[in-house]
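Keep the sequence and the 3D view at hand while reading.

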Amino acid sequence: MMGQTTWLQRNGRRIVVALPLIWLIVFFFLPLIEVAQTSFTMPRRGIPPFEPLWGFGKDGFFTNFNLENYALLLEYWQDYLGPAGNSIRLALFSTIICLVFAYPMAWWIARSDPRQRAMLLVLVMLPFWTSSLLRIYALIGLLNPNGFINTMLLFLGVIDAPLRMMQTDFSIYMGMLLTYLPLMILPLYATMIRLDDDLLDAAADLGAGRVAVFRTVVLPLTMPGIIAGSLLVFIPAVGEFVIPALLGGPDQMMIGKVLWTEFFRSRDWPVASALAVLLLIILAVPIIYARYQDGRTTALDQQYDEAQQNDIKPGAA
Amino acid sequence: MRRPLAWPALILGVLGFGILYVPVIVMIIYSFNSSRLVSVWAGFSTKWYGALLQNEQILEALGKSLWVAVSAATISTVFGVLIALAFVRFGNFRFRLALSALASTPLVMPEVVTGLSLLLLFIGMEGLFGWPSGRGIDTIIIAHATFGMCFAAVVVQARLRDFDMSIEEAAADLGARQPYIFFSITLPVIAPAVVAAWLLAFTLSFDDLVIASFVSGPGSSTLPIVIFSKVRLGVTPEINALATIMILLVAASVVTASLIIYHNSRTRRRALEQTAAGDEITVVGQKESQP
């Protein structure tokens with residue numbers, strides 16, 4: 001029955017790998033090289049608004065390599081490195097606040113009966129599927145000086161003058177919670193749903209109080225979820241643009257917004273590129289750690305699934 | 001033994017859901033406010049929904065966003081399936097490490113960096129080959145497909161991992177060959193994950209503001225770009241109405257999809273339990289049916 005194999009059948013695997021590999025090299029890897037290159041060029045008037053880094057001119061091959069843009073970042077550090085530090089601070093506290101809310105929420109979902117659990121999970125997933133721009137817009141309507149909260153509090157006589165909530169750290173944290181809370185809940189939930197109730201009972205039977213059970217059993221076993229969720233929140237929060245742009249003021253400058261302003265307002269593309277490189281340097285450690293952690297949890301997941309399957313297999317009985 | 005939730009945890013949990021939902025609910029209510037002012041409730045009205053349907057700028061942007069999202073999601077899904085197949089089925093193939101790094105880093109890349117880098121690439125390519133000439137819908141589709149395929153790959157991979165290989169082996173034993181096995185057996189089995197991957201890529205593309213802003217040209221503003229420029233000028237009832245429609249549409253589809261999934265998984269679990277219990281159930285059933 002062996003007929004002739006077609007060209008497609010002989011090279012099937014090669015095509016399956018080559019197509020996405022080439023696409024990602026061209027549209028993901030090369031662009032990053034391009035950013036790094038542009039960060040070493042000088043701005044000019046024209047299209048594109050920067051000098052070529054290298055090329056072939058009248059006198060043959062030339063290069064225009066310089067560190068001017070990075071020197072600029074250092075010289076005007078309050079305008080560039082300040083917001084970078086601010087981004088790290090705001091993202092770090094946002095991660096902690098998300099964790100404080102997400103941990104009991106995930107526990108609640110994991111411990112409820114299947115029907116209620118399905119409903120609560122949909123409630124968590126729903127915001128994840130809706131536009132964060134629109135949800136942040138909705139938040140503005142709540143926090144504005146003439147927004148819903150101030151109107152209500154003034155009406156009830158709790159306050160005499162509108163509270164200033166927009167353009168503060170508070171509004172940033174609210175925006176981050178609104179955007180990233182589901183990303184923190186889901187990995188936590190995934191570790192908590194596997195937590196064996198017998199372990200908690202055993203610890204309690206051996207005389208551990210609630211705090212001791214939490215500290216010695218629950219916390220260590222949910223640590224992978226805490227780490228995964230924190231990385232999922234922290235990494236995008238550092239580079240966030242929409243939240244500082246719509247909810248923040250001058251005190252909540254973040255690196256993503258500075259990059260945007262340099263690019264769209266000042267049209268200084270080399271400095272914008274240097275900021276992108278700086279942002280990537282800041283995120284390099286968490287991103288590499290996330291990949292390492294991801295590989296480890298995938299391996300753990302597989303072990304867990306295999307163990308489960310072996311337990312259930314009727315052949316074992 | 002199931003312990004009740006301690007009350008501080010319960011309060012935090014309720015507050016958490018409140019933060020996710022109160023802003024949106026208040027916005028939905030105010031989209032029916034007949035006054036332009038947010039602070040005054042002047043009675044129920046649907047006039048802002050009418051105004052929305054007259055707003056050509058928004059309708060045009062909506063059309064562009066839909067076209068971009070459908071195209072980007074379709075490319076993303078095709079490539080995502082390829083990436084997932086390579087990782088799950090091909091073992092240790094030659095460019096595995098490279099592909100794995102390239103397919104996972106876009107998931108965590110800050111949007112401003114992705115947007116800026118792609119724009120610089122497009123401009124560089126235009127200088128070298130004359131393509132793409134200027135930026136517009138095409139460049140947005142390419143940008144969205146690039147990160148969309150990485151998300152799609154994650155979704156499809158998860159499903160492909162617990163694929164029962166024996167049905168494919170059976171097909172091969174009966175003389176079927178590869179692309180045919182893939183299209184007639186593998187694809188139908190993983191179809192739910194493929195649909196989920198398409199929907200995720202569609203949503204990511206449809207909601208993207210930052211990357212689209214960098215790689216769009218004049219006259220190719222997508223809906224989030226138009227919304228962002230309007231939101232910067234303040235809260236307007238028209239945007240309230242638009243946001244309400246979009247959020248309710250998504251909510252309706254997510255709830256419907258979850259109901260279907262929940263129902264299916266319950267039916268499957270029951271069927272599994274019945275097969276596991278085997279003959280006993282039929283015996284019990286027969287006994288009951290005999291008066």
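**Overall build of chain A**

Of the 317 residues in chain A, 39% are classed as buried. The model is predicted. Chain A has a radius of gyration of 26 Å, whereas a compact globule of 317 residues would have one near 20 Å.

**Extent and contacts of chain A**

- Along the principal axes, the C-alpha atoms of chain A fill a box of roughly 90 × 80 × 35 Å.
- Take the contacts in chain A between residues at least 6 apart in sequence: 69% of them join residues at least 24 apart.

**Secondary structure of chain A**

- Chain A holds 12 helices and two strands.
- The order along the sequence is α-β-β-α-α-α-α-α-α-α-α-α-α-α.
- Strand β1 (residues 54-57) of chain A runs antiparallel to strand β2 (residues 60-63) of chain A, and four bridges join them.
- β1(A) and β2(A) make a hairpin, with two residues between them.
- Gly55(A) has Phe62(A) in β2(A) as its bridge partner.

**Helix α1 of chain B**

- Helix α1 of chain B covers residues 7-30, which is 24 residues.
- At 1.5 Å a residue α1(B) should span 34 Å, so the 33 Å between its end C-alpha atoms agrees.
- α1(B) has a kink of about 35° at Tyr21(B).
- An α-helix has 3.6 residues a turn, so residues three or four places apart point the same way.

Conventions:
Residues numbered from 1 in each chain as written. Chains lettered and ligands numbered in written order. Predicted model: local features only at pLDDT ≥ 70, side-chain atom pairs only at ≥ 80, totals over all residues. Pairing = 2+ DSSP bridges. Rg over C-alpha atoms; globule rule 2.2 N^0.38 Å. Buried ≥ 20, exposed ≤ 12 C-beta atoms within 10 Å, placed from the backbone. Contact = placed C-beta atoms within 7 Å. Expected span 1.5 Å × (residues − 1). Bend = angle between axes of the 7 residues up to and from the residue.
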